Amino acid sequence: MNGSKPKKSFFYCNFKDYLASLFSRKDLENLQDESADNFMRRFGENKSFDNTKEINDIFEGDFFADLVSPRSSASRTSTLFFDRKGNEARLVFPLHIDFFNVNGMRIRGASTSCGTIVMACLNLPKNICYKPENLYLAGIIPGPVEPHLTDINYYMMPLTEDLLVAYEPGIFMKCTALHRSGHVVQCAVGPIVCDLPAGRKLLGMSSATSTHFCTVCPLTGRETWGRSDFFSWGKLDSGVLRHAAKEWRNAPTEEAAKRIFNQFGVRSSMLLKLPYLDTTKQLVVDPMHCLLEGLVAR
């Protein structure tokens, strides 16, 4: 309508601009290429990591050993994401979302809430990847209250579109600190690190207090709480969850969508546009909420 205006302003920092700032620094560009090559060297001829041993690096996890290159679908051969060819860079980022009270905490609890969408380049060494000057602040979700259910998808839309292009076909930098004739950069999201409420909302999954309380195993219902027979729990099928989310989005009525949600515990998520997303592997509860405010507090 004429004269209409948005209810809120959402400021988004373009992902390509952030990559340009990284590749303008010679020291950082060299470290990013080294990490991908080191991964392939450690992966070796066995084509896997021995996860029975102690894991000292996030790149030794199962997800990265299964993450395939975008060109695998075109060539019909399974190529690892970090198996870069020629003048290419392969970067992986964790995605962090958290909400906080901009006015500080009160005795009666939070009165307002806004959120931050932050990413860090895991290709950089651990001692510098989380330095403020190396972080990517994608956007700030405005308050005064958190987005309701799937409303967070609207804020994730510009970042998701950029990440789709960054994965395939990739982003071409005309000139970088080390490659004056240009450099192709391809990126993927690794762990999605949040507290439980933010992580479930971001991936369109039911809350941790619902019947579908786990994002990894298929156990449901209060009667399964406290079970310790780990090896008999089983594992959720991420493909089934992805299909259920699509069915929820395309449901003809609210009643049909409710039935799908009650059965599978999922709604639509913007991040499911990423072809490699595996909700059973990538959602991680951050150490502060899981350990310091969770296990240690108890």
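Guide: P169 sits in the loop that connects α6 to β5 (171-173), and in this predicted model the peptide bond between E168 and P169 is cis, with omega about 10 degrees. P144 belongs to the loop running between β4 (136-141) and α6 (152-167). L149 is also found in the loop between β4 and α6, and its phi is near 50 degrees, a positive value in a residue other than glycine. For background, most residues other than glycine have a negative phi, and most peptide bonds are trans.

Helix α8 (residues 238-249) and helix α9 (residues 254-264) have axes that come within 9 Å of each other and cross at roughly 160 degrees. An angle over 145 degrees counts as roughly antiparallel, so α8 is roughly antiparallel to α9. The crossing of α8 past α9 is left-handed. On the α8 side, the contact is made by V240, L241, A244, E247 and W248, while α9 brings A257, I260, F261 and F264. Sorted by class, the residues of this contact are 8 nonpolar, no polar and 1 charged.

The structure holds 1 cavity of 30 Å³ or more, and about 50 Å³ of space lies in the largest cavity. Its lining is formed by L203, M205, L241, R242, A245, V266, R267, L272 and T279. The biggest contribution to that lining comes from α8, with 3 residues. L241, then, is part of the contact with α9 and also lines the largest cavity. The lining of this cavity divides into 6 nonpolar, 1 polar and 2 charged residues.

Finally, there is an open space to look at. The largest pocket has a volume of about 720 Å³. It is lined by 17 residues, and those closest to its centre are L196, R200, V284, V285 and C290. The elements giving two or more residues to this lining are α7 (196-202), α10 (279-282), β7 (283-285) and α11 (287-295). Of these, α11 gives the most, with 4 residues. By class, the pocket lining has 9 nonpolar, 4 polar and 4 charged residues.

Terms used
Residues numbered from 1 in each chain as written. Predicted model: local features only at pLDDT ≥ 70, side-chain atom pairs only at ≥ 80, totals over all residues. Heavy atoms only, no water. Axes fitted to C-alpha atoms, helices over the stretch in contact; angles between N-to-C directions. Parallel < 35°, antiparallel > 145°, perpendicular 65-115°, else oblique. Left-handed = near helix turned anticlockwise from the far one by under 90°. Contact = heavy atoms within 4.5 Å. Nonpolar A, V, L, I, M, F, W, Y, C, P; charged D, E, K, R; others polar. 1 Å grid on protein atoms, 1.4 Å probe; cavity = no way out; pocket = protein on both sides within 12 Å on 5 of 7 lines; lining within 4 Å. Points joined across faces, edges and corners; volume = space filled by probe spheres on them.
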